[in-house]
Amino acid sequence: MTDTQHGAARSEAAFREVFGTAPAGVWAAPGRVNLIGEHTDYNDGFVMPLALPHTTTAAAAPRTDGVLRLHSGNVRGGIVELRTETLRPASDGGWAAYPAGVLWAMREAGLPVGGADLHFDSVVPTGAGLSSSAALEVATALALNDLYGLDLDGQELARLAQRAENAFVGVPCGIMDQTASACCTEGHALLLDTRDLTRRQVPFDLAAAGLRLLVVDTRVQHELGDGAYAERRAGCERAARTLGVRALRDVAYDNLAQTLESLADEAAVRPLVRHIVTENRRVEDVMARLDAGDPRGIGPLLTAGHASLRDDFAVSCAELDLVVDAANEAGALGARMTGGGFGGSAIVLVEEAEADAVGKAVTEAFAAAGYAAPRIFPAVPSAGARRLA
C-alpha cells in the first residue's frame, strides 16, 4: 500500500469513528513553498510557488438537511456543527471558519451546494508560512466540488477558496496560495501571472542538477490576520492610486528611480513600491535562469529577495535573518524567507553534497542565539489537489 493509500485509509477510518458512517470519498490538497515572488500576488504581479508533499486530507459525505459538520484530527474539541443558511462572514469560528467560508463562498456564487460532514487531517505545519490555511480551503473546495458535481476546474476552486479567506475569514490574502494548492503539478514550479491567472508549469528537477531546496521552519508563529499584512497591502494600494496605475505591477522597472522620486511626499510607501517592482523583476530573472538550464544561478536572486523583504517590506524577523545569514556563510547558493513573513519559514538552495552541513550550521546558529531548534526538510515539488479515494 502506498503512502497515499495509507493516508486515504486513515482518513476513512477517522471519518467512520467521528461520524459513524463511511465517507463518500477522500481528497487532499498540499501546502506550498514560494520559490520567488513575495507579496506580489495582491499587486497583480508574478509568483513562482511549488506544492509540498505535506497535505491536508478531507474525508467527506454530503448531507441533505442543510447541516455542515466539521471535525479536525489536529485540533482538540469535538464536532463543529453549523447550518448552511446561517453562515455569515466575520463570525469567530476559529479553524472551522476556513472550510465553512468555502461552502459560504460557493453558495454566494449561486452554486448548488448543501450540507456535508467533513473530517480533516493535516501534516502541513501551521504558522510556518507554508499555506496551511489554503490547503484546508482547497481540500474543502475540491471535496464539495465532487460531492455536488460542480465540475469546477482548479483555478475556479482557488478563486472560491481565496474569497472564503478574504470575505469570510477576513484575511486579505492574494490568489497565489490557493492557486498553488489547487494547480501545481509534481516535479514543477508554477509561474503564475496573478493579473490574468495565466499559468506555466516550469520543470524544477533540482535533484537531477545535484541541488536541494531546504525549507527551514523557524517555529516562530505568525498571524497574518494581526494587521501587519493588511497594512502593507493597504500601503501598496495607496501607492498605486497616487501613481495613477491599476496596481504596482504596472510600474516599470526601468523607471523605478523616477517613480520613487515622484513619491517624495509618500515616504512610507516608497520602500513598498521598490520591493514590489524589484521582486517582479526577480521572478522574471529566476524564470530566465531556469529556462537557460542554470538553476544554480537563482541563488543570488533568492538572497536579494530576502534583503528586499527585510529592508524594504519589513516583514522579516531575527530568526529568518539568521537562517539566511548562517546558511549563506556555510556555503549555500542562496536563501530567503518565504511566505507572508513575521516568522514562519525560509528556503535555502544548496548543493546536494552540502545540504547536511548547511542544515547543521543553521541549527547550531539557532542554538548559539538561544532559539528553539528549527525544523529542516527538503522541498520536493509535488502534486496539487486531488482525490485520493
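User: Is Met-106 buried or exposed?

Analyst: The model is predicted: local features need pLDDT of at least 70 and side-chain atom pairs count only at pLDDT 80 or more, whereas totals for chains, interfaces and linings use all residues. Residues are numbered from 1 along each chain as its sequence is written, and side-chain values use heavy atoms, with hydrogens and water left out. Buried means under 20% relative accessible area, exposed over 50%, and partly exposed in between, with a 1.4 Å probe and protein chains only. Since its relative accessibility is 0%, Met-106 counts as buried.

User: How many Å separate the C-alpha atoms of Met-106 and Ala-141?

Analyst: Met-106 sits in helix 2 (residues 97–108); helices (H or I, at least four residues) and strands (E, at least two) are DSSP runs, numbered from the N terminus. Beyond four places in sequence, Met-106 touches Leu-111, Val-113, Ala-141, Leu-144, Asn-145, Leu-150, Leu-157 and Leu-160, where contact means heavy atoms within 4.5 Å. Met-106 and Ala-141 are 35 residues apart along the chain, and their C-alpha atoms are separated by 8.5 Å.

User: Which residues does Ser-11 touch, not counting residues up to four places away in sequence?

Analyst: Ser-11 belongs to helix 1 (residues 3–19). Its relative accessible area is 2%, so Ser-11 is buried. Leaving out residues up to four places away in sequence, Ser-11 touches Val-26, Thr-57, Ala-59, His-119 and Asp-121.

User: How many of the residues of helix 3 are buried?

Analyst: Helix 3 has 16 residues and reaches 23 Å from its first C-alpha to its last, close to the 22 Å expected at 1.5 Å a residue. That expected span is 1.5 Å times one less than the number of residues. Helix 3 is followed by Gly-149, with a positive phi near 60 degrees. Helix 3 is mostly covered, and the count of buried residues is 14 of its 16.

User: Which residues is Leu-142 in contact with, leaving aside its neighbours within four places in sequence?

Analyst: Leu-142 is placed in helix 3. With a relative accessible area of 12%, Leu-142 is buried. Apart from neighbours within four places in sequence, its contacts are Trp-27, Ala-28, Leu-157, Ala-385, Arg-386 and Arg-387.

User: Which element gives the largest share of the lining of the largest pocket?

Analyst: A pocket is an open set of points on a 1 Å grid over the protein atoms alone, with protein on both sides within 12 Å along at least five of seven lines, and a cavity is a set where a 1.4 Å probe fits but cannot get out; lining residues have an atom within 4 Å of a point. The volume of the largest pocket is about 870 Å³, taken as the space filled by probe spheres set on the points, which are joined across faces, edges and corners. Of the 41 lining residues, the closest to the centre are Tyr-98, Gly-127, Ser-131, Ser-132 and Ser-133, while strand 5 (115–122), helix 3 (132–147) and helix 5 (176–183) are the elements that give two or more residues. The largest share, four residues, comes from helix 3.

User: How many residues of the lining of the largest pocket are charged?

Analyst: Ala, Val, Leu, Ile, Met, Phe, Trp, Tyr, Cys and Pro count as nonpolar, Asp, Glu, Lys and Arg as charged, and the others, Gly among them, as polar. The lining divides into 17 nonpolar and 18 polar residues, and the charged ones number six.

User: Phi of Ser-131 is near what value?

Analyst: Ser-131 lies in the loop between strand 5 and helix 3. At 8% relative accessibility, Ser-131 counts as buried. Phi of Ser-131 is positive, in a residue other than glycine, and is near 70 degrees.

User: Within what arc do the buried residues of helix 6 fall?

Analyst: The buried residues of helix 6 (residues 228–243) are Ala-228, Tyr-229, Arg-232, Arg-233, Gly-235, Cys-236, Ala-239 and Ala-240. On the other side, Glu-231 and Arg-241 are exposed, and what covers the buried residues includes helix 8 (270–291). An α-helix has 3.6 residues a turn, so residues three or four places apart point the same way. The arc is that of the directions from the helix axis to the C-beta atoms, and the buried residues line one face of helix 6 because they fall within 155 degrees.
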